[in-house]
Amino acid sequence: MDVDQIRELVKEKGKTFPIKLLTEISEASERHNLTSGELDVLIEKIIESYNRAEVEPGEAVGTIAAQSVGEPGTQMTMRTFHYAGVAELNVTLGLPRLIEVVDARKKISTPTMAIYFDEGFNSDEEYIHKVANQIGKITLNDILKNFNVSYIDNTITAEIDEKIVDDKRLELEKITNEIKKTFKQVTINRNLLSFESTFSKDEDKLKHGIRELRLLADKVRDLQISGVKNIGKVVIRNEGSEWVVHTEGSNLGAILKMDNVDKVRTTTNDIYEIEKVLGIEAARNAIIQELITTMEEQGLAVDVRHVMLVADMMTVDGIVKSIGRHGISGEKSSVLARAAFEETGKHLLNASIRGEVDHLTGIIENVIIGQPIPLGTGSIGVVMNQDK
């Protein structure tokens, strides 16, 4: 039975389901060849479970979510692990990663990308190697041999190793053009390079000249001849039937513009970059994904709805906000709730200067002043009709 027919059946019973659930019911009915009677029983059971899973009015969803994410957080380790099976790449996991996500850090400690390729290209190892070398950072130092600094002639000579150039699938002509563009006083004879310093040979300027020559040597070695901005090392891995490129550093915008990159599966662990390139909904999904995988990786199971509530709170205003004093907690409408969190004196002083009024609608402020909290039975007011 298709999704539309199942939607109608559910509607007849006075309920609406998300499309994902309808699709799963449709697939299950086809897989097990259910009769209309059996399908009816299945839908009844699912409606019963669905109703049980809904939140009751007046339930403290925020407190429960905080407890559900916070308690497993106490079991987490503090170490930075190696990336699954790749010794060369480090990635922050465990508690530091959890804190990094909920703090909405703009600069994360180990940004990384997993770059997937379109069908037909993802199994071509030669092509993947070529693209990986265009993505990863390659400096002139990586392809030079016989690097000599002569303080007598104030020159630097070096030789480009053509074997390494071939191995890295680079083009010698492109490299030499980049060198000519960067350095004015350079002589290039196929793969032989000679750089000249500009200092004079006067005795008083000699000390200054040696320093300048050293700086020039560093500049020559550090010249980037290939790679995408903000991306350092790359590692190519065979995952099942395809090749995937993992990177140290991240630049989602530039990578998605490249040819034959799978724009759907390619990901980064940098939430702000996802927000900038793909928008706030994608950032919300990334927060959920990052939190769930970080906890699952440590063997901790947290219901996805608690994590979804955290992600919703962080992205509800259309920008990614942290859960600390600079984000959600510091922007609460209640003065007492803000003061109870951090910087008590500052919040109370500012509120009194502005003449703010606390309407005591939340939990924290009612606990502080000793009133029943507006939750559960406390969220209901009883009205008495005196005439009756």
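Rings of Phe, Tyr and Trp (its six-membered ring) are taken as a pair if their centres lie within 6.5 Å; planes under 30 degrees apart count as stacked, over 60 as edge-to-face and the rest as tilted. The model is predicted, so local features need pLDDT of at least 70 and side-chain atom pairs count only at pLDDT 80 or more, while totals for chains, interfaces and linings use all residues. Residues are numbered from 1 along each chain as its sequence is written, and side-chain values use heavy atoms, with hydrogens and water left out.

The whole structure holds three aromatic pairs. In one of them, Phe17 and Tyr50 are tilted, at 4.9 Å centre to centre and 55° between the planes. Phe17 sits in the loop between helix H1 (3-12) and H2, and Tyr50 in helix H3 (residues 36-53), so this pair ties together parts 33 residues apart in sequence. Helices (H or I, at least four residues) and strands (E, at least two) are DSSP runs, numbered from the N terminus. Phe17 is buried, at 9% relative accessible area, whereas Tyr50 is partly exposed at 26%. Buried means under 20% relative accessible area, exposed over 50%, and partly exposed in between (1.4 Å probe, protein chains only).

Phe117 and Tyr127 make an edge-to-face pair, 6.5 Å centre to centre with 85° between the planes. Because Phe117 lies in the loop between strand S3 (112-115) and helix H6 (125-135), and Tyr127 in helix H6, the pair ties together parts 10 residues apart in sequence. Phe117 is buried, with a relative accessible area of 0%. Ring pairs link Phe117, Phe121 and Tyr127 into a cluster.
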